[in-house]
Each structure stands twice: as structure tokens, then as C-alpha cells.
Amino acid sequence: MESSSSSSSNLACDACRIKKLKCSKDRPTCTACVQNRRQCHYSGKVVRSPLTRQYLTSVERRLNYLEKLVAQKLPDLDVDEALAGIATTSPATPPAQVKTLAFPSDQRRHAAAGGSSSSKEQTAHESISEAVPEQADGFDWQEEANDLVDGMAALAVEPTGTGYLGSTAGVYFLRALLTWIAGRRAVSDPFQPATASPRHFKPSPTSSSHIQHSLESGHMANQLLDAYFSVYHVSYPFIHEATFMAQYHQLIPRPNQQSWQMLLHTVLALGAWCLDNEESEVDDYLYHRALSFREDESLFESANLTLVQALLLLSNLSQKRNKPNTGGNFLGLATRMALSLGLHRELPDWNISLLQREMRRRVWWGLFLFDSGASTTFGRPILLPEGEAMDVKHVLNIHDEQLTPRTVDMPEESSQPTRYSSIKCQSDFHLHSNHISNRLLATSGISSEEALRLNHSLETWSDTLPAYFKMTQDPVSLEPSYLFARSRLWWRIWNLRIILFRQIVLSRAMKRTRDRSTLVSSDPDNKCRDLAVQAAHATISSISQFLTQTPMTRLINWYATYFLFHASLISALAILGDLESPEITAWQADVDLANNTFRTMLTSNPLASRCADILALIVPPQVEQTTSPIIGDEQFYRDELDFSTWPMDPADVFNSLGWTDFGQGV
């Protein structure tokens, strides 16, 4: 009893756990609750059954005996119908907690069939709930103190304190998938992952002084600059390397002093991040140092190109450091500044040098692709100008030596890949696909037919890519930066296709597993599933092959983890939704390859292990049969993956992942 009491006393109160605040654990009322004048309540530790194969087998056996007993005593009772009735009439979460997104194609088919008696049941099974916090200020966030946020917006299932994440965000789909697996009914509890994202250590005054001294000596700064230009800049060349280095060595005048210092320290911080030391204090010191250069001069009261460059890079660094909302704020401010500087306009009559005009284009299209990508990643509307409101030309596909401050004649674009080919193609991709991302944010969802039409427009655009970026063509170079740019572009294309179809694929699986007597899906639904699975397979195969052929960098690791996770979830969903499909062996192979890639090739990224844990829960890794050759593959898959036989509360699935603090049960 004493140990149990001691264990309970070490737990934070309910309010502090939900708000992710440090709790004094004073009883009956903690310090934070006293200061905020709120009721303090300690729920204590929730003890849950172990999610092990042995335990599940014993419960399955007991359930089987109980079903036989019910069949003997109540032969006229339809157990499935009775259980569905209990689930439908069980106490529900108040309406304010859930926003239901129904699929219009399902609603039209149901209306056409003239059915109405089971409409509520169908909505419960074939809709996706948009998670909302319990409190009115639940979307408020403070990322400096929140270690549970991830920059991919894919793993933080708890909606409180993370900001709003809409339907194109990975976590939106993950929550729906796990909830369906757990109980086949809408669950609106906020889930809090106990495994925190990588922490960034705020340097002590002593270490800060040591870092600053090392920077002033020049050796560390040169290392960080080399890392930035060799790893990050080759993918995102938003500053002119030769000009920047001449300013750094004070060979030419520096622009606005405060803005340039902010840009310098942001570049150094990105260089430190690229050096791939998760617990290094250097990038954290430089990150905060970069922000300090505008403390005495308000960010909101001036604008210049150097400041826009600094904010653009800070936004991406913040996201990579698992501060996505902070990065979004920097990006929003940079975009507004860019508009005020007219970067979205070509302004052909302006008498500026060719290099100055080209740098304006590079910064604008950098903002465009970062803002477009981030908006889709976080499920938020893309607010960039389009059409005639934006007439700035694309960046030139040229080599750096073709354009210098003294160049007076427009250089001819190259037909081969250059450092700027990726910016040009990715910005064009967003120009032609942003309407898809915004359309997917509609609360009504989209039909299978509309999704197929949108996918056709995406395929039509991909046919216009230059030959050196097409996956059907052999690479024209073995240069790592080119191979990464080529692969990353296609991972992005396939990912948008996955986002386009995944809710439809989940809806299809819900219907098929709910009513096993009707396993025939509509042709459009089947086509959507097939296209999503093809995109997932292409992504998993491409990433796995790419990582074996190209030297690993932290930037490659970050993108590979993000795209691989979303692809692997589709392969897992295909298995769960079609246990009798002849393609199940191929889908399982994709899941196993993804799992192995997380566990062996991406180990330096702590988020990769969390992705692998989730994937292993959804579809347990297959083991070789050694004891029972009589059991066929089909029966083996049914026993292991038919989650309708899993005797567990929905909470147990999340508890097994460490998401233990998720409010009221349903």
C-alpha cells in the first residue's frame, strides 16, 4: 500500500498534465492551480492490461467460450447487432468535442438506396472525427516548453497545446486510423504521447560564453559555414554564397547590420543542426542568438531582403527543431514582408542588376514552396497570392558562375540539372497542386470521383517535368545533391497522392470490415485504394534504395522519415482493409521494408523509432512459421490482423504506445 500511495503522489494533477505544465504535486491543491484559481484534481495512475500476445490469446480464448455460451443460451440473439446497439447507445462525448467529417460519396449512395434507419450507425463508422481540445484555449501553444510536438505534425495525437492541425496533416489521419483499430467507433479524447520529441537544451551561461568564444576564434564558425553550404544550401539556395562569404570576410560592405547578423547566426545555427548532433547546445545557442539581434529593433517596424532571408531560414530551422508553429509565425512574417517589398512582382522597368533581380526571385519562390509545403503538412489553408496577382518569373536554371554582380547579359538556361533546378520544379509543383491541398481541407470531404480527377491533373503536370527529374529515366549524374533533389520531389508528389486518397481508403476499409457479407467496393473506391497503395510502394522502395546509395545527412534523414511514415501507414491500412486480397503478401513486404528502414537506416532520428513503434502496433511484424506448417498464410494473417477480434478497450492501443493521459473514456 505504501508503494502504491508513493507512486500516486508522484503524478502531476489532471490540469497540469493536460496543459503540459510543471506541477508542484502539492495536495490538495498544487501551486499552479492556486495561481490560476482552478479546481485541482489528481486522478492517479491508470493500471491497464498488458498488450502482449500471450494476454490477448488468453482473452480471445475466453471470448470464444463466452460466444459459444451465449449461442447455446440465446440461440436467436444476433451478437454483432446487439454489440453495435450497445456501442451506438453508450454515453457519448458532448457535441462540442467532435466535429464529424462525412464522406459525400457515401452519403449519396445511402440516400439513393433509400435507407434511413441505419444512417446514424453509418455516420459513426464511416466518418473521421476532427480532434479538438477540451478547453476553449486548448489550441494555444508554447513550443519552448512543449517537448511533445513534432515538426512533421505526424505523431502528436494530443490536440491540446499543439495548435490546429487540419485534415491534410498526418496526425489527423493517424488518429482516425488508430481510433478505428482500437474500437471501430469515433473517439474524441485528446491523446498525449508520453515519449517526448528530442529536447533542445538551453545552454547555461558558462557554455554560452564558451560557444561565443569558440565562434570568435573563427574555427567553429568556419566549420558551421562549411556544413551549411555543403548540406543545406545545396538543397535550398536562398542566399548568394559568394556575396555572403565576401560580406562575412568584410571584403564588401554588409547590408543592414542587425538584419545581417540575424542572417549570419541563422546560417550558423543551420550549419550546427546539419552536423547531426542531437544533444548539441550549439544550434540552440545560435538559434536564440539570431533572434536577439532584433530585440532592440522591432521585427514589425522595418523590412529588407536580408531580414526576409533570415526569417525564411529561421522558419525552416524552427520546424526541424520540432517547433512547427513557431516556424509558421516566422514564415508568415517573412511572407508579409516579401509582399511589402514586391518580391511577388517582376517589375521589369526597375533598373537593378540581373543578380539582384534573380535573388529576389529565389527568395520569393523559397517562401512560396516553404509556405505551400508547411500549409499542407499542418492542414492549414494556403494563403499565398496566385494568378495575375503574382507575375514574378521562375528562377533561372543556371550555374552560379553564369551570374555574378557584374553580369549584364542574361545567361542562357541549362538543359541539365543545376543547384536551382529543384526550386524551379518544386515551386511549379505547388503552383499546379495548391488547389488540391486547399480542396482537401473542405469539411465535407471529397468523393472518390473528384479525387480521381484531381489525381489526373497531378499526373498531367508530372509529365511536364524535365527528363533529368523523371523517375522513368536513368539519373544523369551521381552527384548526391542532384539525386536527393530528384528523389525528394517524387516523394513529395507521391505523398500528395497519398494525402488525396487516404481518407477514402480508410472509409472503404471501415465499410468492408463492418459488413463482411458485402465485400464488393465501388470501382472508384477500388481505384483510389490501388493508386494510394502504388504511391506508398513507390515511396517505400525509393527511400529504402536511396538510403543505401547516398551518404546520409540529417536533412535527408528528416525528409526520409516524414515521407516513409505516411507511405507505410497506407500499406498497413491496405492489409487491414483487405485481409483476403491476393496482394497482401506484397503489402506486408512494404510494411516490413519500411519498419526495417526505420530501425536500421534512420536510427539517428529519434522520431523514426516512434514511427516504427506505431507501425508495428498497427501491423505486427511477421515472423517465420516454425511450428505449424498446417496453418496457411491466409489464416495466419486473419488471426494476427483481424482487429475485430482484439478484446481491448480503445484506450489500450494508445496506452501501449505510451499515450496514457487522454481524458475521459467513451
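**Figure 1. Asp530 and its partner Arg529.** Asp530 is partly exposed, at 31% relative accessibility. This is a predicted model. Asp530 forms a salt bridge with Arg529. Their closest N and O atoms lie 3.0 Å apart. Arg529 counts as buried, with a relative accessibility of 10%. The cut-off for buried is under 20% relative accessible area.

**Figure 2. A salt-bridge network around Asp530 and Arg529.** Salt bridges link Arg508, Arg512, Arg529, Asp530 and Asp578 in a network. Side chains of opposite charge can pair when their charged atoms come close.

**Figure 3. Arg361 and Glu358 within helix α16.** A salt bridge joins Arg361 to Glu358, with 2.8 Å between the closest N and O atoms. Helix α16 spans residues 354-378. Arg361 and Glu358 are three residues apart in this helix, so about one helical turn separates them. Glu358 is buried, with a relative accessible area of 0%. Arg361 also counts as buried, at 5% relative accessibility.

**Figure 4. Arg439 and Glu450, a pair between two helices.** Arg439 forms a salt bridge with Glu450. The closest N and O atoms of the pair are 2.7 Å apart. Arg439 sits in helix α17 (residues 421-440), and Glu450 in helix α18 (residues 448-462). The two residues are 11 residues apart, and the pair links distant parts of the chain. Arg439 is partly exposed, with a relative accessible area of 28%. Glu450 counts as buried, at 17% relative accessibility.

Key: Residues are numbered from 1 along each chain as its sequence is written. This is a predicted model: local features need pLDDT of at least 70, side-chain atom pairs count only at pLDDT 80 or more; totals for chains, interfaces and linings use all residues. Side-chain values use heavy atoms; hydrogens and water are left out. A salt bridge is a side-chain nitrogen of Lys or Arg within 4 Å of a carboxyl oxygen of Asp or Glu. Helices (H or I, at least four residues) and strands (E, at least two) are DSSP runs, numbered from the N terminus. Buried means under 20% relative accessible area, exposed over 50%, partly exposed in between (1.4 Å probe, protein chains only).
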